[in-house]
Amino acid sequence: MKKISLTAIAIIITTICIAQVKLNFAILNTQPPAQLSEWGNRREVLTLMATGQPGAPGGGQFKIKTEIKTLDGTVIGNADLARTPVFTLNSTGTPTILFANDAMPLEFMVFTGKYKTSLERTGKLPAGNYIICVRPVNIIDYTPLGEEQCKTFYLASTQLPILMKPYNEEVLDAKKAQTAIIFRWSPVVPTQPSPVTYRIQVFEVLPTQSPVQAMRSNQPLLDKEIVAATQFIWQPQLSFLPYDGETKKLPTFVWTIQSLDVNHNPVTQTDGNGEGRSEPLIFFVNPDKNKKPAKEN
Amino acid sequence: MKHILFCFFLLTGFELTAQEVKDSLLLNKAKDKVKEKLQISGTMGITYEGYGLSRSPSGWTGYQPRRPWHQVRFNFTPTFKFSKNFSLPFNFNFAAIPTNFAGPYAGIKKPSFGQFITNPMNSFGINPKYKWAELQLGTQYLKYSELSTGDIGVFGVGVDLRPKIFRFKFFTGISQQGINYVAGPPIVTGAYKRKNWMAQIGVEKEDSYLFAINIAKGKDVPTSAAPPPLTIRPQEGIVISLVSDLYLEKGFYFKAEGAQSTFTKDLATPLSPNLKSLKPFIEAHTSTITDFAAQAAVGKKGKNLDLGVMVKYLGAGFQTIGYPFLQSDRLDYLLNTRINAWKNKMNIVASLGQRVNNVKNTALRAKQFIGNLNWFTQFSDKFSLNINYNNFGFQTASGLNPFGIKNVSNDLGINPTFTFTGKKIIHLISMSYNYSKYDERDVMTGLTTSNNTHTGLLTYVPTYLEKEISPDFSILYFYNNVPGAKITLATFSAALSMQAAKKKMRLRGQLQYTLGKLNSFSSNNNLIASCNIDFKLTKKLTWATFLTTNYFKYGNEIIPNGANYVETGCRTGFQYRFDTKKQK
């Protein structure tokens with residue numbers, strides 16, 4: 001009987017000790033940025049709440065054992081507990097709030113195989129569903145101090161639109177272009193949780209400018225936001241200047257698409273230029289396409 | 001504005017100096033009978049642009065201005081050639097009012113002197129050259145290769161040395177200044193000051209071969225903007241590339257470039273011992289990525305036949321400071337050809353290829369088919385026919401949606417042209433029909449919507465052989481049909497070109513009226529009038545003016561009904577052409 005009582009007491013003590021820190025996902029974006037280093041810049045990606053008994057053995061100190069798994073449970077990355085930071089529960093008993101940089105400090109995360117290679121080359125994991133698991137552990141021997149909490153999320157690298165029409169260096173007939181120019185582009189991939197706003201911009205390239213220089217310098221002749229559609233018919237309402245005999249250049253324009261999310265921010269802020277702008281294309285307008293040169297006298 | 005005045009005085013000062021140098025040299029030449037003379041070529045000028053917008057009814061803002069109200073542009077691009085071996089070219093192009101809408105300077109209104117100098121809308125470059133040595137000062141747009149650097153202007157100092165077949169280039173400077181974020185309105189996105197370095201070492205024989213190693217680096221200064229930009233991160237990147245071009249006999253060529261980039265997407269992220277650094281050039285942070293890119297082209301260029309194959313691979317993590325808009329993670333391959341046949345009366349240009357995006361990601365790999373054909377045939381002096389066909393298809397898997405994305409764009413154009421030659425007039429009649437079809441699949445329902453566009457154009461151009469006038473007339477019909485919207489446009493336009501004042505003045509006027517209709521709403525009306533006047537004041541001085549006005553009145557498709565606007569535009573400027581050669 002005495003043995004049974006002692007065993008029961010031991011189990012209760014162990015349970016109390018194990019349960020002294022509780023981690024809960026307050027927020028986990030199910031489709032977070034594919035760029036893992038970007039998680040730390042956005043509080044809406046991951047928020048953990050740690051609660052427990054600060055007066056318990058260890059002074060309420062703990063580390064977080066973080067694991068990233070595929071859906072079949074294979075661990076592809078985990079935190080190097082020897083180097084991860086130590087957290088302390090609030091002495092007032094209020095929850096300790098932790099973010100992505102705390103729960104998944106990339107500088108202390110060790111990934112394996114193709115996932116490691118992908119991360120080194122692209123900063124992203126291969127597209128797919130993953131599970132993130134966190135568990136509070138003792139700072140000395142890493143024994144569990146609480147239950148493991150897991151959540152699934154989906155990662156996919158966002159691809160900006162590819163401009164399709166007018167295609168690069170297309171020469172448009174001014175007679176048609178002065179009435180309407182059709183612009184087409186591919187959609188943002190993968191399809192975003194909310195409709196994407198495509199901001200189409202057309203800039204005139206002055207004879208002394210390069211296309212990218214014009215794009216970064218001039219006021220756009222067209223600056224229009226289109227929600228969810230990937231075609232726009234522009235009525236330029238312009239008189240295109242005739243062929244410039246001095247510079248030997250046709251009227252030149254550069255166009256691009258800026259992809260914006262529901263908050264009007266670029267859909268990707270870490271890829272390329274950080275502005276969510278697609279690779280621009282140029283097109284020319286030939287005002288004298290049908291002109292026959294007059295015979296010289 | 002004081003920057004402008006400062007630069008204008010600089011500019012004027014340069015001209016005075018040039019004149020003094022010129023006079024002095026001419027005197028010396030006359031005295032010493034030295035054969036070599038100072039030669040000056042190039043241009044200088046000033047252009048004013050004005051814009052006006054009047055909207056009705058008062059208070060309606062449905063149409064936004066699309067040009068700066070006022071703008072003054074200056075250009076000063078003479079080349080002083082002091083001797084056969086020594087030249088001094090200037091390239092000054094700058095504007096009074098910043099109008100940046102995209103890029104690091106977006107929204108800036110009152111730039112500092114440093115921001116004015118490095119603003120991409122302004123260039124201040126001087127490139128003194130002695131034999132094979134060129135000093136590069138000020139703003140330079142240097143293109144080292146397709147994968148290293150080429151799109152960005154950098155204000156700084158460098159050299160381009162070309163002794164015999166050897167090539168050594170180096171340049172360092174600032175491509176953008178720090179710009180503080182302003183919540184606005186108007187919003188200023190903000191930017192970090194970016195320092196750039198680039199170098200090239202190699203051998204080159206023009207039209208024969210080129211082998212070179214390029215290195216280009218850029219680094220942001222994180223403390224250079226306060227408050228910092230909200231959505232832009234301080235970055236650092238380096239790219240090393242090996243480029244080789246080979247031109248063989250009979251028009252065969254081979255071009256290839258391989259590159260590796262190491263790029264830190266956010267310098268604020270912690271240093272990472274897990275990632276490889278490229279010391280001493282760059283130290284790895286947790287946001288540092290290293291990837292590769294390569295491109296190769298092989299083919300043959302001939303008088304009547306060009307044939308080439310091009311392959312380009314950009315790894316998903318390939319990123320360069322020198323090409324900020326480069327879209328990575330793709331594989332392009334393209335076969336292109338140009339054929340001249342039938343005694344040059346038939347010309348065919350065609351390309352066929354595919355672009356694969358998201359190469360690394362098999363689940364969401366996107367494929368884009370590219371096909372272009374342009375076939376021109378001059379059947380006789382009286383009849384020619386041009387046919388063009390373009391196809392762009394984009395397809396990718398679903399991601400989380402039930403259906404994948406599939407967009408296909410098809411365009412077919414047929415353009416016959418008839419020419420009738422009389423004794424005093426040539427009549428040119430050109431007809432054109434274009435059919436454009438754009439199919440787009442809804443990723444939720446799987447339904448495909450078709451967007452069809454028909455365009456018909458008839459142009460008549462009479463050319464008078466004994467008169468100095470040259471008119472043209474055209475009628476265009478445009479019809480676009482997509483579920484829920486039908487757009488019809490009809491345009492009538494007429495233009496007249498002529499010379500006057502003993503051929504010193506070229507005049508061109510154009511009138512264009514467009515009647516538009518959306519669904520069953522009442523029609524909208526658009527009238528555009530424009531006029532060009534190019535006046536040759538002297539052999540070296542020209543005055544060019546462009547005036548335009550645009551009146552647009554909406555139908556009842558928008559509220560308020562009857563809304564309309566009038567845009568006016570004016571561009572006028574003087575250009576002086578330096579040319580001492582022709583004065584002799």
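A: Three strands of chain A form an open sheet in the order β1-β2-β6, and their pairing is antiparallel. Strands here are DSSP runs of E, at least two residues long, and helices are runs of H or I, at least four long; both are numbered from the N terminus. Two strands pair if DSSP finds at least two bridges between them. This is a predicted model: local features need pLDDT of at least 70, side-chain atom pairs count only at pLDDT 80 or more, and totals for chains, interfaces and linings use all residues. Residues are numbered from 1 along each chain as its sequence is written, while chains are lettered from A and ligands numbered from 1 in the order in which they are written.

Now the pairing itself. Strand β2 (residues 46-52) of chain A and β6(A) run antiparallel, joined by 4 bridges. A:M49 has A:I97 in β6(A) as its bridge partner.

Step back to the domains. Chain A is assigned domain 1 (22-155) and domain 2 (163-286); such bounds come from an automatic or database domain assignment. The centres of domain 1 and domain 2 of chain A, taken over C-alpha atoms, are 42 Å apart.

Next, the partner chain. In all, 71 residues of chain A are in contact with 94 residues of chain B. Contact means that the C-beta atoms of two residues, placed from the backbone, lie within 7 Å. On the side of chain A that touches chain B, α3 (113-122) and β12 (181-185) are among the elements that each supply at least two residues. α5(A) gives the most to that side, with 5 residues. The residues of this side of chain A divide into 25 nonpolar, 32 polar and 14 charged. Ala, Val, Leu, Ile, Met, Phe, Trp, Tyr, Cys and Pro count as nonpolar, Asp, Glu, Lys and Arg as charged, and the others, Gly among them, as polar.

Last, one contact list. Leaving aside neighbours within four places in sequence, A:L163 is in contact with A:W185, A:W255, A:I257, A:S278 and A:L281.
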